Amino acid sequence: SGAGELAGRRVVITAGPTREPIDPVRYITNHSSGKMGYALAVAARDAGASVVLVSGPVNLPVPVGIEVRPVVTAEDMLKASMDAVDEGCDLFIATAAVADYRPENRADDKIKKSSESMALPLVRNPDTLATIAGRPDAPFTVGFAAETTDVASYAKDKMQRKKLHMIVANDVSVPGLGFNSDNNAVTVFWPDGQEAIGPDTKKAIASRLVALIGEHLKQE
Ligand code: PMT
């Protein structure tokens with residue numbers, strides 16, 4: 001099966017949320033427990049890959065035999081991921097729920113309550129997945145897409161725009177699945193095919209994903 005294709009490969013995975021500081025006590029973030037990314041890291045390790053896990057702040061134990069590189073912001077995630085890819089990478093998988101925007105300025109001191117309303121200017125964050133997929137030496141790249149409507153069409157559009165080999169679409173509008181849950185249901189798209197996986201545990205979905213990615217890696 002495809003999983004055998006992962007043996008001896010170097011895999012870099014992003015997981016978890018990012019945190020974008022507003023001041024020393026507040027930040028902007030996204031829902032993400034890191035469970036999907038950590039499950040994929042374990043499945044890739046079990047398939048014989050050497051795995052670097054670039055992880056935002058999560059409450060999960062470091063899996064045995066996996067190198068976790070902790071990051072906080074989207075900018076940190078880009079830098080840590082580029083460094084890990086520079087060291088050698090056959091497969092890059094982005095499961096992280098990255099904040100698309102960050103506060104333009106980070107206040108040095110806690111912002112005090114004064115007026116009844118306030119505006120917080122935001123600026124775009126760098127896109128780690130698109131940056132890595134756009135490298136001349138790009139590894140095989142797999143993205144995730146968390147969507148609430150038109151899941152398939154948004155996901156396929158992201159795959160084309162970001163020049164990915166595969167995309168894993170996650171309908172995060174289904175109660176009990178997706179963010180934070182131990183369970184998930186996904187549809188994987190590649191340029192000329194698709195496969196639905198689950199609903200099932202993130203562990204089971206991760207092992208099927210690793211096998212499927214392996215089948216496509218072999219054809220590269
Ligand atoms: O962590 P869990 O609780 O287990 O939940 C798992 C999950 C639902 C977070 C995960 O399965 C998932 O769907 N992750 C992608 C979430 C997301 O916000 O996707 P997106 O559509 O915003 O981004 C598309 C892709 O680009 C993703 O692979 C993302 O990691 C990547 N990206 C996005 C923005 C950015 N600045 N940098 C990126 O690398």
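This is a predicted model: local features need pLDDT of at least 70, side-chain atom pairs count only at pLDDT 80 or more; totals for chains, interfaces and linings use all residues.
Which residue in β4 does Thr-14 stand opposite? That would be Val-54.

**Strand β1 and its partners**
- β1 covers residues 10–15, and five of its six residues are buried, so you'll find this strand mostly covered.
- β4, made of residues 50–55, runs parallel to β1, and six bridges join the two.
- β1 also pairs with β6 (residues 91–94), again in the parallel sense, over four bridges.
- Along that pairing, Val-12 sits across from Phe-92, while Ile-13 faces Ile-93.

**Strand β6**
- β6 is covered on both faces: Leu-91 and Ile-93 are buried on one side, and Phe-92 and Ala-94 are buried on the other.
- As background, side chains in a regular strand alternate between the two faces of the sheet.
- β6 has a parallel pairing with β9 too, over four bridges.
- In that pairing, Leu-91 lies opposite Phe-140 of β9.

**Around the ligand**
- There are 27 residues around the ligand, and the ones that come nearest are Ser-33, Met-36, Ala-94, Thr-128 and Leu-129.
- β9 supplies the largest share of the shell, with four residues.

Key. Residues are numbered from 1 along each chain as its sequence is written. A residue is buried if 20 or more other C-beta atoms lie within 10 Å of its own, exposed if 12 or fewer, and partly exposed in between; C-beta atoms are placed from the backbone. Two strands pair if DSSP finds at least two bridges between them. A residue is near a molecule or strand if its C-beta atom, placed from the backbone, lies within 6 Å of it.
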